[in-house]
Each structure stands twice: as structure tokens, then as C-alpha cells.
Amino acid sequence: MPHLDSLLRTARALTANDHDARDLVQAACLKALESFGRFRPGSNFKAWMMRIMRNAWIDRVRHRKIVGTELSVDETLLPSAAEPSPGTGGEAGTSDFSTMLEQFSDQQVISTLMELPEMHRMALFLSDVEGLSQEEVAEVLGVAVGTVKSRVSRARAMLREKLEDYAREMGFLERRSCRT
């Protein structure tokens, strides 16, 4: 699948957990296979897959609200050799998405991005990181194109506002002069 990496990155942005992200991508691929007859040739396959994955995510969130989080005795309650022990600095379930962002940029920027409301973060992520057009993002998120434009604009403005002082400290912006 040519878009598997994009699907995994987006799933990690949604779930913030590598295991859940892989499950979500697998569920989306199964749903896509089941409904492949409804794919319109000539349309954007990547956007179609993202929409299926987003809908699968919404279904999972709704399901968890009703039945609660599933616990697996062997994976959740028993310590594993793969999990870091307390105090080693690592956290079980840390997503590859977070790791990717840490390698890409500064921790302050990553933390600020993850603080954005999900609807704004996803619109910005799909548009600026995944490179989808505004029309494709609208299709994936199930909203109007104008809503996508608004969310991306607001997300950028929130990032700009929250990171302005930090950008000055790092030397990306000139310090404000104190003219009175």
C-alpha cells in the first residue's frame, strides 16, 4: 500500500499510541477492502482511506464510551521486558508519532502542537504534514471546506500565539523594542 506510512502517521496523531494506531490502520484497511466497490475511480485514494480511518476512530471512541477500556491481563497488568522500568525515562505506549516529532523539531513546539484541540490539530496535520488539499481534508474530516480553512487558520494562529515568546528566545523573531 503506497499510503501506509501516511495512514500510520495520521493514526498515531489520532491515538497517541503506536499499538492503537496499528490496530486502527488495520481496521481501516479491512473496511476499505469490504467497501472497495464504492471507491470512485479517479478520486483521491489517500483521502478515501483517511476518511475510512477517521470513521473507524470515531466508532472506537464511541464504543469505548459505552463499554469502557478493554484490559488485557497479559499485556496491561503484567510487566513486560519491552516496557521500561519506572525511573528509566521511557514510558510504555509512547507513540512513534511523538518520536517522529521529537526528531523533527523542538520539544516545546511538539508539546504546543499536541495541546491544540483535536479538531484543529487534525486539520493542520492532514493539511500541512500529510499534504492533503483543503477539499480532501474536508472529505476526511466530514466537514465543509470553509470549516477546514477556518480550523487550519485558527490552529496556525494558536501555534503562533503560544510559540511567539519561545521564537524570540530562540532568535527566530526580533525582540520587541520598549518604545513608549
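**Entry 1: the core.** I began with a definition: a nonpolar core is a set of buried Ala, Val, Leu, Ile, Met, Phe, Trp, Tyr and Cys residues joined through side-chain atoms within 4.5 Å. Buried means under 20% relative accessible area, exposed means over 50%, and partly exposed lies in between (1.4 Å probe, protein chains only). I also noted that this is a predicted model, where local features need pLDDT of at least 70 and side-chain atom pairs count only at pLDDT 80 or more, while totals for chains, interfaces and linings use all residues. Residues are numbered from 1 along each chain as its sequence is written, and side-chain values use heavy atoms, with hydrogens and water left out.

Which residues touch the most other members of the largest nonpolar core? I found Met53 and Leu126, in a core of 38 residues. Helix 1 (4-15), helix 2 (18-34), helix 3 (45-67), helix 7 (118-129), helix 8 (134-141) and helix 9 (145-169) each supply at least two of its residues. The largest share, 8 residues, is from helix 3. For the record, helices (H or I, at least four residues) and strands (E, at least two) are DSSP runs, numbered from the N terminus.

I then looked up the neighbours of Met53. Leaving aside residues up to four places away in sequence, Met53 touches Leu7, Thr10, Ala11, Leu24, Val25 and Ala28. Contact here means heavy atoms within 4.5 Å.

**Entry 2: helix 1.** How many residues of helix 1 are buried? I counted 9 of its 12, so the helix is mostly covered. Among them are Ser6, Leu7, Thr10 and Arg12. I checked the length too: the expected span is 1.5 Å times one less than the number of residues. For the 12 residues of helix 1 that should give 16 Å, and the end C-alpha atoms are 16 Å apart, which agrees. Just after helix 1, Ala16 takes a positive phi of about 60°.

**Entry 3: salt bridges.** A salt bridge is a side-chain nitrogen of Lys or Arg within 4 Å of a carboxyl oxygen of Asp or Glu. Side chains of opposite charge can pair when their charged atoms come close. I found that the structure holds 7 salt bridges.

Arg12 and Asp18 meet in one of them, at 2.8 Å from N to O. Arg12 counts as buried at 10% relative accessibility, and Asp18 is buried at 17%. Asp18 also forms a salt bridge with Arg22, with the closest N and O atoms 3.2 Å apart. Both Asp18 and Arg22 lie in helix 2, 4 residues apart, about one turn of the helix. Arg22 is partly exposed, at 43%.

Next I looked at Lys31 and Asp59, whose closest N and O atoms are 3.2 Å apart in a salt bridge. This pair links distant parts of the chain, with Lys31 in helix 2 and Asp59 in helix 3, 28 residues apart. Lys31 is partly exposed at 33%, and Asp59 is partly exposed at 38%. I also noted a network of salt bridges that links Arg9, Lys46 and Glu130.

**Entry 4: a glycine in a loop.** Where is Gly142 found? I located Gly142 in the loop between helix 8 and helix 9. Gly142 is partly exposed, with a relative accessible area of 45%. Not counting residues up to four places away in sequence, Gly142 touches Arg51 and Arg54. The C-alpha atoms of Gly142 and Arg51 are separated by 7.8 Å, although the two are 91 residues apart along the chain.
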